[in-house]
Amino acid sequence: MAIFVHAVLPGVTTDQYDTLNAKLQETPDIFDGCISHACAATDDGLEVFDAWESEQQMNAFAERMMPIAAGLGWPEPGGAPRVLRVHNYWVPGATG
């Protein structure tokens, strides 16, 4: 079952995000199961919004991503991301 994930990352900058994202792009298959991803800057840091095919795939990503983020000096997360079951997902104009 698809899930929607909302993570609040206080104190994380867009430069830190870009550095981590570049590292993750070098990691084979780390995004397996990710349907979509968006990152928004706020006055306090960043907020990330993801859709994943399953919670297990999101957890597998997090297990691989967190040590990389820590190695880059990211702060410890303030709490677990909010995870919601997706009732419906579609992309305007897409077929299938």
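Two strands are said to pair if DSSP finds at least two bridges between them. Strands (E, at least two residues) and helices (H or I, at least four) are DSSP runs, numbered from the N terminus. In this sense E1 and E4 pair antiparallel over 4 bridges.

The structure is a predicted model, in which local features need pLDDT of at least 70 and side-chain atom pairs count only at pLDDT 80 or more, while totals for chains, interfaces and linings use all residues. Residues are numbered from 1 along each chain as its sequence is written, and side-chain values use heavy atoms, with hydrogens and water left out.

## Strand pairing

Strand E1 also runs antiparallel to E3, to which 8 bridges join it. E3 in turn pairs with E2 in the antiparallel sense, over 7 bridges, and a hairpin of 3 residues links E2 to E3.

| Strands | Sense | Bridges |
|---|---|---|
| E1 and E3 | antiparallel | 8 bridges |
| E2 and E3 | antiparallel | 7 bridges |
| E1 and E4 | antiparallel | 4 bridges |

Ile 3 stands opposite Trp 52 in E3, and the bridge partner of Ile 3 in E4 is Arg 85.

## Covered faces and the nonpolar core

Burial is described here by relative accessible area: buried means under 20%, exposed over 50%, and partly exposed in between (1.4 Å probe, protein chains only). Strand E1 has two faces: Ile 3, Val 5, Ala 7 and Leu 9 form the covered one, whereas Phe 4, His 6, Val 8 and Pro 10 form the uncovered one. Strand E3 is mostly covered, with 6 of its 8 residues buried.

A nonpolar core is a set of buried Ala, Val, Leu, Ile, Met, Phe, Trp, Tyr and Cys residues joined through side-chain atoms within 4.5 Å. The largest such core has 17 residues, and those with the most contacts inside it are Leu 9, Leu 20, Leu 24, Trp 52, Phe 61, Met 65 and Trp 74. At least two residues of this core come from each of strand E1 (3-10), helix H1 (14-25), strand E3 (45-52) and helix H2 (55-71). In soluble globular proteins, nonpolar side chains tend to be buried together.

Contact means heavy atoms within 4.5 Å. Leaving aside residues up to four places away in sequence, Trp 74 touches Leu 9, Val 12, Gln 16, Tyr 17, Leu 20 and Ala 69.

## Loops

The loop between H1 and E2 holds both Thr 27 and Asp 29. Thr 27 is buried, because its relative accessible area is 17%. Not counting residues up to four places away in sequence, Thr 27 touches Arg 64 and Ile 68. Asp 29, by contrast, is exposed, because its relative accessible area is 55%. The C-alpha atoms of Asp 29 and Phe 61 are 9.1 Å apart in space, although the two residues are 32 apart in sequence. Asp 29 also has a phi near 60°, a positive value in a residue other than glycine. Most residues other than glycine have a negative phi.

Ser 54 is found in the loop between E3 and H2. With a relative accessible area of 13%, Ser 54 is buried. Its contacts, not counting residues up to four places away in sequence, are Met 1 and Ile 3.

Gly 78 is found in the loop between H2 and E4 and counts as exposed, at 73% relative accessibility. Gly 78 and Asn 21 are 57 residues apart along the chain, and their C-alpha atoms are separated by 20 Å.

## A nonpolar surface patch

Ile 35, Tyr 89 and Val 91 make a nonpolar surface patch of about 250 Å². For such a patch, residues need over 30% relative accessible area and no salt bridge, and nonpolar side chains (Val, Leu, Ile, Met, Phe, Trp, Tyr) are joined within 5 Å. A salt bridge is a side-chain nitrogen of Lys or Arg within 4 Å of a carboxyl oxygen of Asp or Glu. Accessible areas come from the Shrake-Rupley method with a 1.4 Å probe. Tyr 89 lies in the segment after strand E4 (82-85) and counts as partly exposed, at 42% relative accessibility.

Note on methods: Patch = residues over 30% accessible without salt bridge, like charges linked within 9 Å, V, L, I, M, F, W, Y side chains within 5 Å.
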